[in-house]
Amino acid sequence: MSSSGAQSDWPAALEEDYRRTQGRLSAAQQHRRAAFDTLTRRWARRLLAAGDDQQLVLHAVGYGAPDPTVWTAKARDGAPLPVRVGLAPQPRFDAETTQTPNGWLVMVKEHTPALMNDYGWLVTAVVDGSLDAEGIRSLRDELLRTERRLEPEADLRQLWDRRVGNAADASVRGAQALLFLVAHEVSHALWGHQGEPPRLELQWDVPARMHGSQEELHADTTAAHLFSRAGGNRERAEVGARLFFGMTHLIDEEIARRAAKRFTGVFAQRARDYLQSTHPHPMLRLAATHAGLGTPPPSEEAIAVQGAIDAIAGRPALVRDEAALTAFRDVLAGAEDGTIVETLGVLEGRQVGDVHAIDLGHLEALVRRDIDTALTVVAVAVLRYVQANPARWTDMHTAVALIDVDAAISRRWAADAAVERALHQIRAAIPEMDELLDLTRHSQLTQSDPEQ
Ligand SMILES: [Zn+2]
């Protein structure tokens with residue numbers, strides 16, 4: 001598809017498909033739809049133009065990255081793909097992408113732009129330091145209560161009017177998140193993802209068709225790549241993705257919480273499992289995003305935004321204990337160069353299919369060699385992780401390597417006092433360690449190299 005700028009609209013037949021989904025709209029709905037069309041019309045065209053580029057495959061490596069050969073084949077016989085992005089006159093925060101006889105419809109639910117905007121405001125207030133912990137909590141709850149309304153609650157309105165210092169930042173952030181959401185949905189269309197009907201007939205609100213985890217991650221990788229090309233900026237794509245995932249996760253958690261209240265026992269667990277299998281955790285989604293962006297760009301903006309997202313979600317801040325870090329640096333200063341180089345090689349691992357695999361046999365052998373080597377391995381893994389992760393979930397490779405080291409050393413040196421101290425220092429330097437362990441345990445991320 002050409003991006004040559006002609007103001008051509010969507011094909012008439014596809015526009016007709018879209019109109020049929022609309023029914024009778026109120027004046028307010030028509031107004032909202034017109035505003036949304038203005039925002040997304042050019043954006044969809046630019047994304048599709050970027051999608052034609054054969055170079056799309058070049059950066060698609062890493063966790064959750066789609067198989068580049070599949071993508072190349074699709075891009076090769078890629079006739080211009082008509083995609084109509086529109087606003088669905090249905091409440092809540094969500095979007096669906098479906099195929100019609102004439103193309104694809106990306107239907108963003110009516111509350112989504114407003115909620116994304118609200119979230120952008122809230123994140124900006126936290127970044128600017130205008131809210132204490134209690135204020136953050138109460139506004140987050142307010143935001144979740146407004147999920148079904150189009151107008152903000154009084155408190156949120158007051159926040160916008162009086163407390164947010166940087167209005168420009170707030171609306172830019174909200175728009176970036178919305179544009180990433182649209183890029184994600186357009187990517188589903190590019191991949192031809194059909195979704196499947198929900199496997200559970202639950203009373204809580206799941207969309208009519210759901211994409212599986214793998215499809216979601218593929219759409220994230222592709223969205224990141226398209227966004228960074230169409231928007232000309234990887235940093236914006238990264239920030240938009242973090243905000244989109246942050247808001248989505250907040251709402252998923254709320255859905256799970258409400259389901260747990262309404263259902264009990266096995267059924268509540270099945271509800272949670274279902275959400276997990278169709279809604280990948282933001283850590284996985286960011287890894288897929290970084291696969292599409294090439295290398296993770298831990299910009300200052302991304303670090304600040306993720307810190308605010310964490311505070312809103314109630315996660316502990318990443319305060320890294322300096323004394324613990326110094327202890328690890330001291331270990332490295334006294335270590336043999338050969339051991340450090342060997343450790344770096346093992347922890348770097350290599351790409352096997354969708355995952356970055358580490359030779360666990362080699363890692364075990366290193367850790368078992370002697371206590372000094374074991375402590376060196378820990379120090380390398382910790383400092384490597386800390387450097388690569390100034391914000392949550394920036395570099396998955398270093399996180400997985402650290403977890404493998406943590407497990408290997410606990411198995412071999414459980415009774416050793418120096419190792420016990422090192423394990424304690426890991427938690428001081430990396431307060432998110434247990435959270436990482438928990439997430440990787442549930443996502444089968446770690447994988448040994450099958451060829452070793
Ligand atoms: Zn999706």
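This is a predicted model: local features need pLDDT of at least 70, side-chain atom pairs count only at pLDDT 80 or more; totals for chains, interfaces and linings use all residues.
## Helix H12

Helix H12 covers residues 300-313, and its 14 residues should span 20 Å at 1.5 Å a residue.

Several residues of H12 are buried: Ala-302, Val-305, Gln-306, Ala-308, Ile-309, Ala-311 and Ile-312. In an α-helix there are 3.6 residues a turn, so residues three or four places apart point the same way. Just after H12 comes Gly-314, with a positive phi of about 80°.

## Strand S1 and Val-83

Val-83 belongs to strand S1, which is made up of residues 83-88. Val-83 counts as buried because 24 C-beta neighbours lie inside 10 Å, and the cut-off for a buried residue is 20 or more.

Leaving out residues up to four places away in sequence, Val-83 touches Ala-44, Leu-48, Gly-103, Trp-104, Val-106, Val-186 and Ala-189. Leu-190 is 107 residues from Val-83 in sequence, yet their C-alpha atoms are 9.0 Å apart in space.

## Strand S3 and Met-107

Strand S3 runs over residues 103-109 and includes Met-107. Met-107 has 24 other C-beta atoms within 10 Å and is therefore buried.

Apart from neighbours within four places in sequence, the contacts of Met-107 are Thr-21, Gly-86, Ala-88, Ala-95 and Glu-96. Pro-89 is 18 residues from Met-107 along the chain, and 9.2 Å separates the C-alpha atoms of the two.

Note on methods: Residues are numbered from 1 along each chain as its sequence is written. Helices (H or I, at least four residues) and strands (E, at least two) are DSSP runs, numbered from the N terminus. The expected span of a helix is 1.5 Å times one less than its number of residues. A residue is buried if 20 or more other C-beta atoms lie within 10 Å of its own, exposed if 12 or fewer, and partly exposed in between; C-beta atoms are placed from the backbone. Two residues are in contact if their C-beta atoms, placed from the backbone, lie within 7 Å.
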